[in-house]
Amino acid sequence: MHNNAFILSRYAEFLKKHCLDHTLLECVSTSPTDIHLRFENGFYLSIRFYKQHTFFILPEVSHFPKKNVLVQFKSIVGKTIDNIKGYTYDRRIALTFGDQSLHIQCFGRRSGILLVQNNTVTDHFKTVQPPTTFTYEDKMISFTSSPTDFKQDNPFVTDEMISDLTQSAFFSADNQSQLWQSFIDKLSSKPIAICKSSVDAYTLTVYPAESTLTQYTDIGDAMHDFGKLYMGHDRLSSLKSNLISQINKELKKLNARKTKIEKHINKIANGDTLKQQADVIMANLHAIPPKAKSVELFDFYQNKTVTIPLKENLTAQKNAERCYQKSKNVHVEIKHNKKLLSGVNNQIENLSADKKRIEETDDFRKLQAYNKGQSKKEAVKKSNHQLPYRSYAFKGFDIWVGKSAKHNDALLKLAHKNDLWFHARGVAGSHVLLKNVEQKTVSTDVLEYAASLAARYSKNQHESLAAVIYTSPKYVRKFKGALPGQVRVDREEVVLVAPFDIKS
């Protein structure tokens, strides 16, 4: 009801007491939705157009903006207000400066301010597609015996007013004109209350409810406090909703990843199955044709015929050896995936705790600080994502790990002559650079740390021990027809290491 015609009419009377016959010293804006007026008597009025609402705020004059401002309505600055009018039954207040008038229109999304001279619009603020000419006549009340028709003919009348009029037998009376005037006079003197609805929204009304927070006799204080409370609560709710939405999206991703890891662990948990498959293959070598992708064999463990997948480029015996080897490494893969799962569970737990704290806090600054912190994390994450390598640090050395085949090529171009280049031997994997521009002595543990990263980011990541080659970048070269990430190494040394164990 704060932008209702009757409330605005009362606010016009309030402005008369504080602005009439006083000179406008400054009129500036700090954004496309805020305008600030300062008068020579020290009165400071701030008009805020916020989400289809118009709010009238009365800050301390010492807070009048001085920086990053844009002067508005220059032609009336330095002039004196000689009239202030709240238009009858309309959401409009007019401030008159001689032959010019400033019309504050509280029309929801069409709100704005027009500067009019001789019925011509000479300037405007916020108004979308302002008119070129301006004429106005006061609206008239239309009386009827039907509450529904009365509301339809007079849309400025609220439901609470209709209820009040109905209880006073207004619609069955013959002297509606007199009763209406009496009703308006009474309405204009009623205290104004700020109430909070069941959906946590704030309203300004002359019809207080059980949820009334504060009552006012001064319309200026009521409009000021309501505006600050409404906008502050809305900003808090919007920020809170946005943060919770972001967390829910992240939780959805993490829960999907958790499910995927759990399914994978369940899939590989039974290492004996692979060993049994190998035993069945070895017992039926004679029955397996060359280059077969799968074969049906009798499984003497389960006492039934089963289909066993094969690598078509391997012999039957090599397929059996592969199953034996994989069965030995299953526990390593399970351990690795359990650590991944633990890390995901920790992230879910932390995010869920953040979500609960956000839901419970009513401190806008704390939420802002959290939001800024998350934005910085995202910026760092995005920045790292744009680099062609993952970066690690160990004992004063930087170690770069290529992210993909194309990134491996980009990483090679970043190599310095004093660096060391690493790659898992005989399998696909990331290129790794041990950065050593200053040509420091590389100890054995630093060398093995870099090698373990090369093993981790390769097809040998689940092996107990993996062979890794290393050399100077000058011995690593691209060749004609090479695929992305493919290189030729002219000189190398080999080290055996356990793949890097990523801590959860």
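Which residue takes a positive phi in the hairpin of β8 and β9? In this hairpin, which has six residues between the strands, Gly108 has a positive phi near 65°. The model is predicted, so that local features need pLDDT of at least 70 and side-chain atom pairs count only at pLDDT 80 or more, while totals for chains, interfaces and linings use all residues. Residues are numbered from 1 along each chain as its sequence is written, and side-chain values use heavy atoms, with hydrogens and water left out.

Strand β8 spans residues 100-105; strands are DSSP runs of E with at least two residues, helices are runs of H or I with at least four, and both are numbered from the N terminus. Six of the six residues of β8 are buried (under 20% relative accessible area; exposed is over 50% and partly exposed in between, with a 1.4 Å probe and protein chains only). Gln100, Leu102 and Ile104 lie on one side, and Ser101, His103 and Gln105 on the other.

Strand β8 runs antiparallel to β7 (residues 92-97), with six bridges joining them; pairing requires at least two DSSP bridges. In that pair, Ala94 stands opposite His103. Six bridges also join β8 to β9 (residues 112-117), again antiparallel, and Leu102 stands opposite Leu115.

Most residues other than glycine have a negative phi. Phe73, in the loop between β5 (70-71) and β6 (83-86), has a positive phi of about 45° and is buried, at 1% relative accessible area. Lys291, in the loop between α6 (271-283) and β14 (294-299), has a positive phi of about 60° and is exposed, at 66% relative accessibility.
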